[in-house]
Amino acid sequence: MNTNNIEYNGRLQVISYIIVLVIAVLIGRIGYLQLYDGEYYASLADGNRIRIVPAVAPRGTFYDRNGTMMVTNRPGFAVSLLPLTAPISDEVINRLADLLKVPKGDIEEKIKAHVGFDPIRIKTDVGPELLSIIAEQKDLYPGVVVEVLPIRDYIYKEQAVHVFGYVSEINDAELEDKKNSPHKYKMGDIVGKAGLERVYDLELRGEDGGEQVEVDVTGKPVEILGRKNPIPGSDLYLTIDKDIQAAAERAVDEQLVAVGARAAAAVVMNPQTGEVLAMVSRPSFDPNLFVGGISSKNWNAINDNPNHPMDNKAITGEYPPGSTFKIVTGTAALAEHVVSPEEQIFDSGKHWIVDKGNADGEALGYINFEEAMAHSDNVYFYEMGNRLGIDRLEKYARMFGLGKPTGVDLLFEAEGLVASREYKEKVFDEDWYLAETFDAAIGQGFNNVTPIQAAMVMGEIAADGKRFKPYLVDRIVDYEGKTVKKFKPELVGQLDVEPQHIRLVQQGLKGVTKYGTAASVFRGFPVEIAGKTGTAENPHGRDHGWFVAYGPFDNPNIVVAVIVEQGGYGSTSAVPIGRKILEAAFNIPDPAKQAELERQRQLAQQAQKNKENNSNNRAQEQPAVVNNAPAPGREYGAANGRR
Amino acid sequence: MSSNKKLRKIDVELIAAVGGIILMSLITIGSATHINTPSEDRYWFVLRQGIFTVLNIGVVLFFMNFDYRMLQGYGKKLYIFNIIMLLAVMFLGQTALGAQRWIQLGPISLQPSEFSKIIMIICMASVFQDKIGQLNKLSDLLPLAGYVGLPFLLVLKQPDLGTSLVFMAIFIGMIFACGVNIKLLMGMFAGAVACAPLIWHFVLKEYQKMRIMVFIDPNVDPLGSGYHIIQSKIAIGSGMLFGKGLFAGTQSQLNFLPENHTDFIFAVVGEELGFVGATILLLLYLVVLRRGIKIAQQAQDNFGMLLAVGITSMLAFHVLVNVGMTAGIMPVTGIPLPFMSYGVSALTTNMFAVAILLNIYLRNQKLQF
């Protein structure tokens, strides 16, 4: 036993060392995990258990200039999946796809593309029936959560949609674009896609908050660890007047039906400030369709419309100004002293140098400046073009601000085009012809303006030569009621023309509604209006009808520009719209509507009386009421005083 | 021998260390099962483990009355019993986690392969005690290998790779103590390595292969087999120096860590008691294992010496593989942590093993002055 004993004692000693070594290695290993790499694993453990349930900040509200709410948010629900440590089972995805009617592939893609621990939004704005199914069958939908979200609500649907724009989920291109934005945009964010929603997205969106929730391995919330309340977005107080906007849209829609046209645009501004009171573009669309993701059917309906409902034609549509350009030509002629206001020019139906005449070949005989403007006499203005030459026409067009964007706070505003030698040379590589000067003088040929530019030109005449930058937002007010930004009128130009010459142009434009091309429509209009019709030749179809106007004549605070695409003569297509807009702007009651309101009021009173009489048994007093209706004039007078 | 003398012959150090481990076990099992059990059963696991601890203490005390040497008389019978038991598992056993390991006996489900470990130690010790210093040639070794090989294959067939590896560890520990020729031992390892591809293709099941692949890189299958390792490492690592506190381990309390009261209980210790707690536990194991070797060195006969070496090898192998597994340096093999993991079969086996150690120490002649 002795030798063996010594032998195995040595061996046992070795085993003992091995055991010490094993324990040392294990202690070393856990020390490495816990002390050296501890922070890393601690963060992984938090990642396992902590989920962020975001609380989306409500977007700022849009108010019109009188404080009427136009765009707001309503509470809505979104169905989302909490990312779990274990994979989300196919079964749950299938069930969810069936329930929400979302393609399974879409859900899988969203799960795949998702990083982080906040919920993966599968469908926003889900109806209560589906929510109750999910709530009742909780066990069938592990990891599925319902989030309460503010959902954008365009209260008046299509109204002013081109000004407001619309919101929808951010796409990859936008995410890339906004990489350097001060706000950290992320997948799934709702962003403004057009209009003011897009321009003021940063101000409107506020800051999302959220809850840190501890979850177990199945994603079941166990405890709320922390909460950050969302900061609502700032509100926009607009220069838009809801009533004028509504009236303008109604007028445009009715007129489109009446003349059988499909597209139109209108702009209403205050020429003394540049405030935009209304802006209409047709055709349009309902921005609410985009809020929860637009269906392909709706999208195709919008996208396939040849008249491009998404375009804001008031700022992107470029049309030949037609006779509305005579404002520029006339101002230039007077300012450059190529004609005196008294000089009579003989209109024989066509010009004596270039064979061009009036639209219907009519001849007005000897006419002066004011008459020529009022009747929109082409021969007279051809001669003005002839005397001025293209270079001076170009100079004055640019002085009015044409050929460049007005600077209104919307995206994609078009510049329009001013006819010039330079342009023709550059684009056609040809010399300028006199006939082209003739065309330019009456707003045909190369000239192009947008409706907002047309309003701007008319506004400069109204404001005695001053040009204000058009703007849509009066002030931005944060959620605490503090004004964070106030927009003031911005003078951006001044016509270098003597005041008496501008007054002469104004007189001519007043003649338009008194005895000229818009007189028939404006007969009996209680406010003095200066206007100008235009009929722009359109090589692709019917002429475009134009009308620009301002009023009240002595103290103008409204300027209107209307175009009806392929509406034919401006005097028949655009002028009636202009009148209705001005009626709304000056609160002039529509006679037909007034009568109807009156009738209803009487009926209501009658009903009221009847009720009282029935209870009191005094039927004989009934007839006395009929004559008690308020005088219509009183209302008109009061309303007129508003502006 | 007077009772006084008997007391002096009690290995207090070993008992204290094992007692410490079992105390930590009860606390940790309590914490690990606290949240994940319906409230009426909240203490079921701790209670059960506690009751069996007490019952086993009774067994240990009862066994002290016998001389451990009587066990060598049962060598052959135990060996045959063992084979029958393993065969019974194969035909009667219940399938759990892809393996047949359980036999239901009334309210208790037994894991015969656990008992099989201690039985094999007794059998091997009684056979190997005559071979000390005589293991120089392959022909010396082969009969012994065959003797262990039969039960080894039966366990492997269950399949219970973990237990079969434990058999190997015990075998190697014992023949090493028997003074096996080192070259022969090396040759054996070389042979095993050479056979590895054969074992890979013909013996290992798919899930076992996956476990080994996952051990090499847990991210092969992060939500399947790699999940255990990843979550266990996160649990241990995030415990840092002092741990998150009992009942406060987010990994174990929120169920991210599976099997947290059985095979992965060490991760709970790491997470909730930190590096300090885990180190204390490992040092307690070091005490137990060192005592095991000491008892082997002081044993009065070769049978006692080999028994102690076998038991120590078994325990050391369990600790190494289990802790290594939770810490991501060993493959997942389903080997429980002695005295820590919940499970009455393993607890009974391990406590009986300690009883044998105490018995050997008690009857150790050398220290009787």
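Select Leu238(A) and Val473(A) in this predicted model. Leu238(A) stands opposite Val473(A), a residue of β16(A). Now extend the selection to the two strands themselves. Strand β16 covers residues 473-477 of chain A, and β10(A) pairs with β16(A) in the antiparallel sense over 4 bridges.

Next, select residues 62-63 of chain A, which form strand β2. In what sense do β2(A) and β10(A) pair? The pairing is parallel, and 2 bridges join these strands. To find one of the partners, display Phe62(A); in β10(A), Leu236(A) is its bridge partner.

Remain with β10(A), residues 235-238, and show the side chains. In a regular strand, side chains alternate between the two faces of the sheet. Here Asp235(A) and Tyr237(A) lie on one side, while Leu236(A) and Leu238(A) lie on the other.

Now display the whole of chain A. The chain has 24 helices and 21 strands. Of its 643 residues, 45% are buried. Among contacts in chain A between residues at least 6 apart in sequence, those joining residues at least 24 apart account for 72%.

Finally, bring chain B into view. Contacts between the chains involve 35 residues of chain A and 41 residues of chain B. Select α1 (2-36) and α2 (38-49) of chain A: each of these helices supplies at least two residues of the side that touches chain B. The largest share of that side, 20 residues, belongs to α1(A). Colour the residues on this side of chain A by type to see 21 nonpolar, 8 polar and 6 charged.

Definitions and conventions: Residues numbered from 1 in each chain as written. Chains lettered and ligands numbered in written order. Predicted model: local features only at pLDDT ≥ 70, side-chain atom pairs only at ≥ 80, totals over all residues. Contact = placed C-beta atoms within 7 Å. Nonpolar A, V, L, I, M, F, W, Y, C, P; charged D, E, K, R; others polar. Buried ≥ 20, exposed ≤ 12 C-beta atoms within 10 Å, placed from the backbone. Pairing = 2+ DSSP bridges.
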